[in-house]
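This report describes selected features of a single protein model.

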Amino acid sequence: MRLGINLGYFGAGNDADNLAVAKEADRLGYAVCWAAEAYGSDAATVLSWVAAQTERIDVGSAIFQIPARTPAMTAMTAATLDVLSGGRFRLGLGVSGPQVSEGWYGVRFDKPLARTREYVEIVRKAMRRERLEHHGAHWQLPLPDSQGKPVKLTVHPVREHIPLYIAAVGPKNLELAGEIADGWLGVFYAPEHADESLKHVRAGREKAGLKMDGFDVVPTVPVVVGDDPVEAAHAVRPYAALYIGGMGSRKQNFYNNLACRMGYEAEAAEIQDKFLAKDYLGAGMAIPHDLIDKTALLGSKERIADRMHAYADSGVTTLTIAPNAETLEGRVATLRTVAEALELSGLA
């Protein structure tokens, strides 16, 4: 099992700290450094900045938002990042959600599965440097009755195949990730409930005539190092409340639905009710400790090392961590503790 680091979003005054974290992860031998985007900093610029100042660690988008770019633009960006990083780029894609897609990008959040399938098909074709021609429900390349003509990418990526990941939460999207991607970017991943998600990924692999061998299962897991796991869990509550309670609308919140599928239906409803009523503290405190403990790494190095076995046994191949600490020193110390825990576990 390899280690990854998720830097989250840039632009909140923590940019220098995030770069220091990435450089330390590079020094410690972490496999990949991911950056995110929503409606603030874009991941492509951040990743080019990080890649320029690191040596070995891969850089990955977690995620590039599908409504933000045409598929051809994504292929151009991926190819450019792969060249600039010396073959260290990983392309993570996701549909985002209706509020961001329709409110920020002005792109209808309709038929996300069909849209993702077409998008990936076009991106892969472009990165193979084939003349770009596609006639689908969502994209027509070249446009019919136009002056457009099929052209091919002029940039030569370092590798013939850039790893492509899909961020997925729902069962149908998980199956699609298994079918058309090289890996899955997961969130709120609990080893005890992992088979509920991975069975859909496996179904997608089987549909494509493939096995799980070589498929990268990559959950992002919050980490809080401390003597008391119960106390450590409190640091994760605001993040978990935001996603389960407020990341999306009452009608459509993928993370709330996931918590329901994990057996926390009543608690998920309470978290959402309180969060949408702007009782953010109450929403956080409504999250059961058990839910946080199952989806985060909490406590001492020894406890984290022991818990890593559950992740590896459930099918995780790259354990991406999100260090939850208030200072740069704390985040760097968490990186080191997790690396030491992996060695202690014997899973490295």
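The following paragraphs concern a predicted model.

**Helix contacts**

Two helix pairs are described here. In the pair formed by helix α5 (residues 112-127) and helix α6 (residues 171-180), the axes come within 10 Å and cross at roughly 20°. Because angles under 35 degrees count as roughly parallel, α5 is roughly parallel to α6. The crossing of α5 past α6 is right-handed. On the α5 side, the contact involves Leu-113, Thr-116, Arg-117, Val-120 and Arg-124, which meet Lys-172, Asn-173, Leu-176, Glu-179 and Ile-180 of α6. Sorted by class, the residues of this contact of α5 with α6 are four nonpolar, two polar and four charged.

The axes of helix α10 (residues 254-261) and helix α11 (residues 265-276) come within 7 Å, with a crossing angle of roughly 150°. Angles over 145 degrees count as roughly antiparallel, and therefore α10 is roughly antiparallel to α11. From α10, the residues Asn-256, Ala-259 and Cys-260 take part in the contact, and from α11 the residues Glu-265, Ala-268 and Gln-272. Three of the residues in the contact of α10 with α11 are nonpolar, two are polar and one is charged. α10 passes α11 in a right-handed crossing.

**Cavities and a pocket**

Rolling a probe the size of a water molecule over the atoms shows where empty space is left. The structure holds two cavities of 30 Å³ or more.

| Space | Volume |
|---|---|
| Largest cavity | about 150 Å³ |
| Second largest cavity | about 60 Å³ |
| Second largest pocket | about 210 Å³ |

The largest cavity has 15 lining residues, and Phe-188, Tyr-189, His-193, Ser-197 and Leu-258 lie nearest its centre. The elements that give two or more residues to the lining of the largest cavity are β9 (183-187), α7 (194-207) and α10. The largest share of this lining of the largest cavity, three residues, belongs to α7. By class, the lining of the largest cavity comprises eleven nonpolar, two polar and two charged residues.

Around the second largest cavity stand Ile-66, Pro-67, Val-95, Ser-101, Val-107, Arg-108, Phe-109, Asp-110, Pro-112 and Arg-115. The lining of the second largest cavity has six nonpolar residues, one polar residue and three charged residues.

The second largest pocket is lined by Ala-72, Ala-75, Met-76, Ala-126, Leu-132, Leu-141, Pro-142, Lys-149, Pro-150, Val-151, Lys-152 and Leu-153. Helix α3 (residues 71-84) supplies the largest share of the lining of the second largest pocket, three residues. The class count for the lining of the second largest pocket is ten nonpolar, no polar and two charged residues.

**Backbone geometry**

Leu-141 and Pro-142, both in the lining of the second largest pocket, are joined by a cis peptide bond with omega about -10°. Pro-142 lies in the loop between β7 (140-141) and β8 (164-167). The peptide bond from Ala-62 to Ile-63 is also cis, and its omega is near 15°. Ile-63 belongs to the loop between β3 (58-61) and β4 (64-65).

Ser-96, a residue other than glycine, has a positive phi near 65°. The loop between β5 (89-94) and α4 (98-103) contains Ser-96.

Notes
Residues numbered from 1 in each chain as written. Predicted model: local features only at pLDDT ≥ 70, side-chain atom pairs only at ≥ 80, totals over all residues. Heavy atoms only, no water. Axes fitted to C-alpha atoms, helices over the stretch in contact; angles between N-to-C directions. Helix = DSSP H or I, 4+ residues; strand = E, 2+ residues; numbered from the N terminus. Parallel < 35°, antiparallel > 145°, perpendicular 65-115°, else oblique. Left-handed = near helix turned anticlockwise from the far one by under 90°. Contact = heavy atoms within 4.5 Å. Nonpolar A, V, L, I, M, F, W, Y, C, P; charged D, E, K, R; others polar. 1 Å grid on protein atoms, 1.4 Å probe; cavity = no way out; pocket = protein on both sides within 12 Å on 5 of 7 lines; lining within 4 Å. Points joined across faces, edges and corners; volume = space filled by probe spheres on them.
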